[in-house]
Amino acid sequence: MNEQVQTLINNLIQIEHVSSTLYLAMSNYMNKLNYRGMGNWLRLQSAEERAHMLKLIDYLVDRGGTVELSALPAQPSEYGPPLEAFQRVLEHEKFVTNSYRKAYEYVNQVNDQQTLIIIQEFLREQVDEEAQAQTIVDRLRLAQNNAAAIFILDQELGQRKPAGAAGGAGA
């Protein structure tokens, strides 16, 4: 495996690791505010990002590469009202998508077909990740400060099941 590709995969591992801790911190915050459904959705999102990280780790090891786990940045303990928190989720998912796009461009240039395939899988999944976050942001905007509407959305988000469970991982 090309050393630059190895570095690139390690960077993607770090991004997924940070994503997992960010969403776990956000989940804890939402639970503290008693938005248990939003907390559930974010905790499951954290687990999904961790699964992505592990898939990348396994891929790198299977290709004979060296995994380099870096220190994680501390996450804030507060994220504002739900709309602000989920706007941050959407921003972060767009950052992740862009990171995978850049990785795809590089791996395509060096003609590493195997790595190209795994990055394509993640790019395909990012379409859903961004769409889910955008839907939640849009609904929170519609709800504005209507407590009943926010309560209903919180209940809906609380029905999310782990990936692979009946009902899927959709919002």
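Author: Gln144 lies in the loop between helix 4 and helix 5. Keep in mind that this model is predicted.

Reader: Why does Gln144 count as exposed?

Author: Its relative accessibility is 61%. Exposed means over 50%. The value passes that cut-off, so Gln144 counts as exposed.

Reader: What is said about the phi of Gln144?

Author: Gln144 has a positive phi, about 50 degrees. Yet Gln144 is not a glycine.

Reader: Where is Asn34, and in which loop?

Author: Asn34 sits in the loop between helix 1 and helix 2. Asn34 has a positive phi too, of about 70 degrees, and is not a glycine.

Reader: How do you know that Asn34 is exposed?

Author: Use the cut-off again. The relative accessible area of Asn34 is 54%. Exposed begins over 50%. Asn34 is therefore exposed.

Reader: Which residues of helix 1 and helix 4 meet?

Author: Helix 1 brings Val5, Leu8, Ile9, Leu12 and Glu16. Helix 4 brings Thr115, Ile119 and Phe122. By class, this contact of helix 1 with helix 4 has six nonpolar residues, one polar and one charged.

Reader: Why are helix 3 and helix 4 called roughly antiparallel?

Author: Their axes cross at roughly 160 degrees. Over 145 degrees counts as roughly antiparallel. Helix 3 and helix 4 are therefore roughly antiparallel to each other. Their axes come within 9 Å. The crossing of helix 3 and helix 4 is left-handed. The residues of this contact divide into 18 nonpolar, seven polar and six charged.

Reader: What angle do helix 2 and helix 3 make?

Author: Helix 2 and helix 3 pack at about 15 degrees, with axes 13 Å apart. That makes helix 2 roughly parallel to helix 3, because the cut-off for roughly parallel is under 35 degrees. Helix 2 passes helix 3 in a left-handed crossing.

Reader: Which residues of helix 2 and helix 3 meet?

Author: From helix 2 come Met38, Trp41, Leu42, Gln45, Glu49 and Leu56. From helix 3 come Pro82, Phe86, Val89, Glu93 and Tyr100. Sorted by class, the contact of helix 2 with helix 3 has eight nonpolar residues, one polar and two charged.

Reader: Is Gln126 buried or exposed?

Author: Buried. Gln126 is in helix 4. Its relative accessible area is 3%. Buried means under 20%. Gln126 is below that cut-off, so the label is buried.

Reader: Which residues is Gln126 in contact with, leaving aside its neighbours within four places in sequence?

Author: Glu93, Val96 and Thr97 are in contact with Gln126.

Reader: Why does Glu156 count as partly exposed?

Author: Glu156 lies in helix 5. Its relative accessibility is 30%. Under 20% would be buried, and over 50% exposed. The value falls in between, so Glu156 counts as partly exposed.

Reader: How many residues apart in sequence are Glu156 and Gly37?

Author: They are 119 residues apart in sequence. In space, their C-alpha atoms are 6.9 Å apart.

Reader: How do you know that Asp138 is partly exposed?

Author: Asp138 is in helix 4. Its relative accessible area is 35%. That lies between the 20% and 50% cut-offs, so Asp138 is partly exposed. Asp138 and Leu83 are 55 residues apart along the chain. Their C-alpha atoms are separated by 8.8 Å.

Reader: Which residues of helix 5 are buried?

Author: In helix 5 (residues 147-157), they are Ile150, Leu153, Asp154 and Leu157. They cover an arc of only 105 degrees around the axis, so they are on the same side of helix 5.

Reader: Which helices do the buried residues of helix 5 pack against?

Author: They pack against helix 2 (36-62), helix 3 (82-109) and helix 4.

Terms used. Residues numbered from 1 in each chain as written. Predicted model: local features only at pLDDT ≥ 70, side-chain atom pairs only at ≥ 80, totals over all residues. Heavy atoms only, no water. Contact = heavy atoms within 4.5 Å. Helix = DSSP H or I, 4+ residues; strand = E, 2+ residues; numbered from the N terminus. Nonpolar A, V, L, I, M, F, W, Y, C, P; charged D, E, K, R; others polar. Buried < 20%, exposed > 50% of the residue type's maximum accessible area, 1.4 Å probe, protein only. Arc of directions from axis to C-beta. Axes fitted to C-alpha atoms, helices over the stretch in contact; angles between N-to-C directions. Parallel < 35°, antiparallel > 145°, perpendicular 65-115°, else oblique. Left-handed = near helix turned anticlockwise from the far one by under 90°.
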